[in-house]
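Welcome to this tour. Open the model in your viewer, keep the selection tool at hand, and follow along stop by stop.

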Amino acid sequence: MSILPEVGRPGDEVLAALARHRDGDLRADGRAFAFVYDAGEAARDLARRAFAACMPINGLDPTVYPSARSIENDVVGACLELLRAPAGAVGTATAGGTESVLLAVKAARDHARATRPEIARPAMLLPQTAHACFHKAGWMLGVDVIPVAVDPVTFRASVDDARAKWTRDVVLVVGSAPSYAHGVVDPIVELAALAAERGALCHVDACVGGPVLPFLREAGVSVPEFDLSVPGVTSLSMDLHKYGFAPKGVSVLLMRDAALRDAQYYACATWTGYPIVNSTSLGSKSVAALGGAWALLQHLGREGYRELARQMWSATCEVVSAIERTPGLRLLGRPDMNLLALTTEPGDVFELGDRLTARGWHTQVTYGFGPSPAHLHLTLDPGNARRVGELSRDLAACAVDLPPRAPLPEGLVAMLHAVGEGALDPRPLMAELGVSGGGLPARAAMIHRLLDAASPATRERVLVAFMGGLMTTKGVA
Ligand SMILES: Cc1ncc(COP(=O)(O)O)c(C=O)c1O
């Protein structure tokens with residue numbers, strides 16, 4: 001059957017078919033400890049209605065759609081207030097954390113082009129724990145990445161290493177508030193001071209922390225300094241489609257002053273069509289998710305977000321103490337908010353992952369990199385916070401008699417090696433591992449052990465082949 005029908009199908013039938021597409025999706029049922037940022041049915045329903053109400057708006061031109069301007073200005077204004085921005089600070093709504101980061105790096109590069117023309121090849125100092133989207137930004141924008149070591153116990157960026165790695169091409173210093181994997185806030189005050197002292201910019205990636213840390217502070221939790229009130233911090237990203245609880249497709253990039261934001265914009269008058277000035281990387285763009293964010297900010301208010309932050313933090317403290325009292329489990333670092341990483345010693349962390357999956361929990365299996373060993377990542381939200389008691393009991397039960405890592409079959413290691421060398425297409429290896437059909441098998445420990453043992457470059461090759469295999473059209477119902 002052709003995918004595009006010759007004769008259209010009735011709307012109800014189409015919607016039912018669409019619902020079937022979603023049968024296998026991760027659900028916001030309190031058992032997902034990654035991907036889901038759920039503040040409950042009422043918030044979801046409001047977001048859905050606001051999303052639908054804003055669907056016709058095209059953010060390409062805020063003069064034709066004044067609502068695009070006023071909704072964005074309100075959302076940005078609320079974020080500037082929350083992140084204690086100084087007078088003169090400005091911002092932009094973007095489509096997500098990656099886009100906010102891409103634009104922050106572009107602004108830093110283009111600002112340096114204008115103000116430091118002696119720099120031939122701009123570079124950024126990037127802690128090993130910073131989100132991968134900074135590497136993507138560097139790769140897309142021609143900005144070199146200089147890795148900065150992190151402390152192997154706290155997983156905070158080493159300011160000494162940043163200082164030691166300084167070159168005169170550094171245009172940007174990055175810190176996370178917090179890092180995704182371990183949930184720890186980098187020493188932002190010191191990183192920003194270093195950047196200011198050397199005439200570079202400093203971006204704080206508060207994509208996950210921006211909508212939570214200020215409320216934790218208000219709720220009496222000790223939160224390290226990280227926001228735009230810190231001298232030397234020149235830009236900050238925060239995602240509203242994570243802990244703002246808005247639909248996917250909305251983040252905010254805040255800038256200390258308008259000159260910096262001018263370097264983020266793109267204008268073009270050298271073609272035959274309408275004059276172009278884009279604040280973000282897209283041209284025509286949806287304002288629907290931004291509308292959802294606006295509605296949630298207004299509906300929950302400071303009080304609502306503060307209460308949700310408090311719930312997530314108390315659930316995090318419960319999981320942390322469960323990890324600390326369970327033999328064989330180890331917390332990596334000490335989270336400053338409700339994201340954390342745990343590993344196993346001496347048992348196999350991937351076996352723990354399989355056991356939790358068998359009990360219906362979704363956790364995020366993460367491979368070792370630098371000083372961070374392979375681990376399970378947990379992201380807590382108000383939805384799963386109410387189930388941490390159950391999760392803690394299952395964690396303890398699954399940690400009992402955890403076997404050590406099983407040796408890898410030599411044939412598979414040889415195939416992986418060949419993939420890494422570029423001598424073998426990854427597809428036969430993936431077929432051998434049972435991952436060619438899409439998704440991972442229920443017991444995936446062997447696959448994870450193998451990939452954990454591979455070099456990052458080999459993992460990247462396998463990931464690209466895996467994604468290519470998934471995104472191959474087979475026809476739909
Ligand atoms: C700290 C941090 N920065 C940036 C991103 C990228 O965000 P997005 O997935 O919205 O592009 C993430 C995503 O998890 C993140 O945790």
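Start by selecting Arg 84, which sits in the loop between α3 (66-82) and β1 (90-94); helices (H or I, at least four residues) and strands (E, at least two) are DSSP runs, numbered from the N terminus. Before going further, note that this is a predicted model, in which local features need pLDDT of at least 70 and side-chain atom pairs count only at pLDDT 80 or more, while totals for chains, interfaces and linings use all residues. To find your way, count residues from 1 along each chain as its sequence is written.

**Two positive phi values**

Back at Arg 84, phi is near 50°, a positive value in a residue other than glycine. Most residues other than glycine have a negative phi, and most peptide bonds are trans. Is Arg 84 buried, exposed or partly exposed? Arg 84 is partly exposed, because 14 other C-beta atoms lie within 10 Å; a residue is buried with 20 or more other C-beta atoms within 10 Å of its own, exposed with 12 or fewer, and partly exposed in between, with C-beta atoms placed from the backbone.

Now select Phe 155, in the loop between β3 (144-148) and α6 (159-164). Phe 155 also has a positive phi, near 65°. With 26 other C-beta atoms within 10 Å, Phe 155 is buried.

**Two cis peptide bonds**

Move on to the loop between β4 (170-176) and α7 (188-197), where you will find Pro 178. The peptide bond joining Ala 177 and Pro 178 is cis, with omega about -5°. Another cis bond runs from Glu 345 to Pro 346, with omega near 5°. Pro 346 has its place in the loop between β11 and α11.

**Helix α11**

Select α11 (residues 349-358): its buried residues include Val 349, Phe 350 and Leu 356. Among the elements that cover the buried residues of α11 are β11 (339-344), β13 (375-379) and α16 (445-453), where contact means C-beta atoms, placed from the backbone, within 7 Å. Just after α11, look for Gly 360, with a positive phi of about 90°.

**Helix α2**

Next, select residues 41-53, the 13 residues of helix α2. How far apart are the end C-alpha atoms of α2? They are 18 Å apart, which agrees with the 18 Å that α2 should span at 1.5 Å a residue; the expected span is 1.5 Å times one less than the number of residues.

Colour Ala 43, Ala 47, Ala 50 and Phe 51, which are buried in α2. Seen down the axis of α2, these buried residues fall within an arc of 105°, so they line one face of the helix; the arc is that of the directions from the helix axis to the C-beta atoms. They pack against α10 (288-325). On the other side of α2, Glu 41, Ala 42, Asp 45 and Ala 52 are exposed.

**Last stop**

Finish at Cys 268, in strand β8 (residues 266-268). Cys 268 is exposed, with 10 other C-beta atoms within 10 Å. From Cys 268 to Asn 278 is 8.9 Å in space, C-alpha to C-alpha, and 10 residues in sequence.

Conventions:
Two residues are in contact if their C-beta atoms, placed from the backbone, lie within 7 Å.
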